[in-house]
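Hi,

As promised, I am passing this structure on to you. Have a look at it first, and then read my notes below.

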Amino acid sequence: MALARLVDVHTHLYLPRYAQMLRSRNSVPRILTSTRDGKPDDRLLILDHEPSGGRPVGPQYWDREEKLKFMNAHGIDLSVVSSANPWLDFLPASEAKTLASQLNEDLEQYCSDSPLLSPSLKRLYGFGLLPLVPEISTDALVQTIEQISKLSHLKGIIMGTRGVGKGLDDEALDPVWAALETAGLVVFLHPHYGVDEKAWGDKNNGHVLPLALGFPFETTIATTRLILAGVFDRFPSLRLLLAHSGGALPQLSSRLASCIDHDPVVASRLKHDARWYLGKLYFDAVAYGPEELGFVSDVIARSERFETGSSASAGTPVDRALGSRRMLFGTDHPFFPPLQSTEKWRSVVENLQAIDTVAGWGQAEKDGVRGGNALALFNLG
Ligand code: URA
Ligand code: ZN
């Protein structure tokens, strides 16, 4: 029987070259270097109007040994690492293009020099970066996809929600989706901007509202816009992995379908009921609770009901186990560190316990979400 592996698909880093660039900047995003009681006390300022003077930042963000130590402490066999937000979004096009290609080479090296997990597998693989900024040429984007597809340890790309300035439903991105589909690279869609900060009011709630609600709503909106723009109809083999279990999209998908049904302009544009598209997506399992994970797996499985020719009707029980096959364990390391030093991080333990206690998932489903689904998605045999 194949060994059950634990694979982390949502784990970040700032490559040393990128961290250096953040240190050299004097506006957000930046790393503010300072000392406290003679020790380094660097702060990461990446959000506009970053609350609480920024978040502590240190070697856990860039040192590969720290990543491996974290993996060992939590029994993680293999990680597919991605650059953390805000990627290259804030750079001029020429700088973004050059840095993307350098960072992709850096990440390939970071992964290819990592220890072996088995004779055919390393412990680290990665998601590359595209220079998705306004005024970039389509050629530059497609060339970067070609570069990534030749780097054998890079299995996909991470992207935010801005595209080249007009969001991900911009037709200008069609050649990018086409090239990603052809290259078989997985797209990890990750938030950064949240929603209009006026929604947060004037109480000091620290990072809670932007991270707990703003991030997942941003992903919800971006994915919905992709569905409405027909991107999954035009690029049916595109593989999109959604951060934070797809945010609110699973919960809102029937409402979305109903709103589309009542809007003839949009309804005529789509090939399927909105709920069908959720069965084409992949969802990380960074949701922190077994009920949420079970629900997401139900919604994924339910998409079959909207398959053309399906005789299943509303109320037919869904196959929760089937839905679990599109869900993948993640940690969001090095974000959400423990407040006191402990060997295991609460954020990780909670996500593992959640997977372990979903009603209706047997050992095969749990092993799949813990790692088997990721090995299959990234073709890591
Ligand atoms: N905060 C961030 O800025 N990014 C993450 O990925 C998680 C938390
Ligand atoms: Zn993340």
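In this predicted model, a side-chain N or O atom of D332 lies 3.1 Å from an oxygen atom of ligand 1. H190 has a side-chain N or O atom 3.1 Å from an oxygen atom of ligand 1, and for H12 a polar side-chain atom is likewise 3.1 Å from an oxygen of this ligand. On its own, ligand 1 has 240 Å² of accessible area, and the protein covers 100% of that. The residues around ligand 1 include I46, R55, N85, L211 and F215.

H12, H190 and D332 also turn up at the zinc ion (ligand 2), where they are donors together with H10. Along the chain, the donors are spaced as H-x1-H-x177-H-x141-D. Because H12 sits in strand β1 (residues 7–13) and H190 in the loop between β12 (186–189) and α6 (208–228), this pair ties together parts that are 178 residues apart in sequence. Both H12 and H190 are buried.

What about disulfides: how many does a search of the whole structure find? The search finds zero. As for individual cysteines, C111 counts as buried because its relative accessibility is 0%, while C259, at 44%, counts as partly exposed.

Enjoy exploring!

Note on methods: Residues numbered from 1 in each chain as written. Chains lettered and ligands numbered in written order. Predicted model: local features only at pLDDT ≥ 70, side-chain atom pairs only at ≥ 80, totals over all residues. Heavy atoms only, no water. Donors = N, O, S within 2.8 Å, 3.2 Å for Na, K, Ca; no water. Helix = DSSP H or I, 4+ residues; strand = E, 2+ residues; numbered from the N terminus. Buried < 20%, exposed > 50% of the residue type's maximum accessible area, 1.4 Å probe, protein only. Disulfide = S-S within 2.5 Å. Near = heavy atom within 4 Å. Polar contact = N/O pair within 3.5 Å; in protein donor to acceptor, adjacent residues only side chain to side chain. Areas by Shrake-Rupley, 256 points an atom, 1.4 Å probe, with all protein chains shown as cover.
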